[in-house]
Amino acid sequence: MATKRTVYVLDDDDAVLRSLERLLNSVNFEPITFNRPEVFLAAAQTFKSGCVLMDVRLPGISGLEVQAQLHKMRNDLPVIVMTGEGDIQTAVHAMKAGAVDFLEKPYSDHTLLRAIEAAFVKEHRVNRDSEIEEASRRLAILSPREREVLDGLLAGQPNKLIAYQLGISVRTVEVHRARMMERLGIRQLAEALRLGIIARLGRNG
Amino acid sequence: LVGLATLYDALGLHVLDFVSPQNRKTVQDQLWPLVLRTGRWKGELDLRHFGSGTPIPFLVDCFRIDDPRTGEPMNVATVSRDLSTQKQSEAALHYLNDHLERRVRERTSELADANKRLVAGKLERAQADLRLQKLQKGFSHAAGVTAASQMAAALAHELNQPLTAVVNSVNAAKRLLAVGDRASLLIVQEVTDEAAEQALRASAIIQSLRQLVSSNETERTREILSAMIEEASAFVLSSIAPLAVRLRFEFDDNARRVSVNRVQVQQVIVNLIRNAVEAMADQEPREVTLTTRALDDETIEIAVADIGPGIPEEIADRLFKPFVSSKHDGMGLGLSISSSIIEAHDGQLIAAPNPGGGTIFRFTLPSGGAVDGD
């Protein structure tokens, strides 16, 4: 039997942690779980190779801070961040800080496992520039309005606020949003946001 | 006075020559006989200025001089006084009066105008007040909406945790079932239990939301505060080790009654005592002091003080926001709900460091009025 690949999981919610442990076990990963950021950071030095799956909403310390400290010690570990709804802004920061992906809770197991698989591939350092280029190319097919709606979503704004700022109705925002997803050929909003975040990394340098 | 240079000039004159021509006839026909008949007349008469001929107002006092022997009228003498100055004064006074009256009329109309303006101003102010009130209402409504949407966002986030766990667990179970060996099936049983548990947790969160929403409809009754606090304390003590904490009560006799929603306020008290006890979990001794105090006739303050480690600085300013917690397993709803309940009672829940170490939570409640025969 091949050596199991290790996923280091950090989430302050014990139930989420336990369920992730169950799920990762069921697909033959080796999950090692932490519910306290300080314990996680203290142990990070001893981590073997693997990937990190962590929530950005943590008690006492921000997920971004944990990510930054981890990066100082172990920049070899790809990090996937998990966010709750409305944490898009944080996700953008996390991606900028080098996270390879972000998942919006709750996520399907397919999304999760695909992200982890991709992270293990990235452990071997896929060029991020090509990823940015790819994301920018895909987003280029959007109309300016669809792009504006996506930007609003990336800023963590609800449809209502986006509608207000663009001077259009909420219903129209919804139409643009649906069409944007259709054009990108994706079903989950998180995926569209991920593309937007990665493309933005290119724009902002 | 009347323009005669010398006494000599005067001697050759008749008394009527002194009188102005307009008055001469009156004097001759009426005054003269009147004086002779009654002996005296006093009145105003225009005399004549001999130089210019202009009439000069005089107060003339004429009296009959009788011959003491015969008793017959012998002569008429007059004592006259120049009224020019007085007349001028009178005229001036008259003018002044007129002027004054006019000024008064003017002022009155000015005042009426001013009053009108004042009334208009008052009306305007009242309207402005109304607008302000509307604005404030709008603001507080907006604030309420913001708080509600903030709450909704936070709640959505918090719901995502158990939902994520449920999705993970169910997916794990599905995969384990696919493996189908005995060991896997045993794990499936546990995993499905865990999923069910997390579904219940999600439902509990929704319940607390419902509670939060319904806390806006506050039905108040007059309650005895000390009884409420003692009952809430007993409730907390029943759920922890009996000697785990020492509770102290300091009740103000002037703060006996409150007008509150009993269940909700007791929930707040229970919550604060629990927080206090939990804050001191890692120490000995543990002590919670509950104090009541009448701030004034209308407001009563309740304080719950612990001697724990105090509130971590990084969450102190977000303490009453939903889902902020320093507890490892805390959902962070307690204080935000408590704060909402107190606000629904027109009060305020605040936290401050306890001077002797620890934290004091204070909140205010509307007084239930004076104690009357209970």
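In the predicted model, 6 salt bridges are found across the interface of chain A and chain B, among them one in which the side chains of A:Arg22 and B:Glu194 meet at 2.7 Å, N to O. Between chain A and chain B, 8 residue pairs are in polar contact, with both residues at pLDDT 80 or more. On the side of chain A that touches chain B, the elements that give two or more residues are helix 1 (14–26) and helix 5 (109–122) of chain A, and helix 1 gives the most, with 9 residues. The residues of this side of chain A comprise 12 charged, 8 nonpolar and 7 polar ones. In total, 27 residues of chain A are in contact with 24 residues of chain B, and the area buried between the two chains is about 2200 Å², of which 50% comes from carbon and sulfur atoms.

B:Phe249 counts as partly exposed at 34% relative accessibility, as does B:Phe251 with a relative accessible area of 29%. A:Phe34 and A:Phe40 also belong, together with A:Tyr8 and A:Phe47, to one aromatic cluster.

Key: Residues numbered from 1 in each chain as written. Chains lettered and ligands numbered in written order. Predicted model: local features only at pLDDT ≥ 70, side-chain atom pairs only at ≥ 80, totals over all residues. Heavy atoms only, no water. Contact = heavy atoms within 4.5 Å. Buried area = accessible area lost by both parts, 1.4 Å probe. Salt bridge = Lys/Arg side-chain N within 4 Å of Asp/Glu carboxyl O. Polar contact = N/O pair within 3.5 Å; in protein donor to acceptor, adjacent residues only side chain to side chain. Helix = DSSP H or I, 4+ residues; strand = E, 2+ residues; numbered from the N terminus. Nonpolar A, V, L, I, M, F, W, Y, C, P; charged D, E, K, R; others polar. Buried < 20%, exposed > 50% of the residue type's maximum accessible area, 1.4 Å probe, protein only. Phe/Tyr/Trp six-rings, centres within 6.5 Å; stacked < 30°, edge-to-face > 60°.
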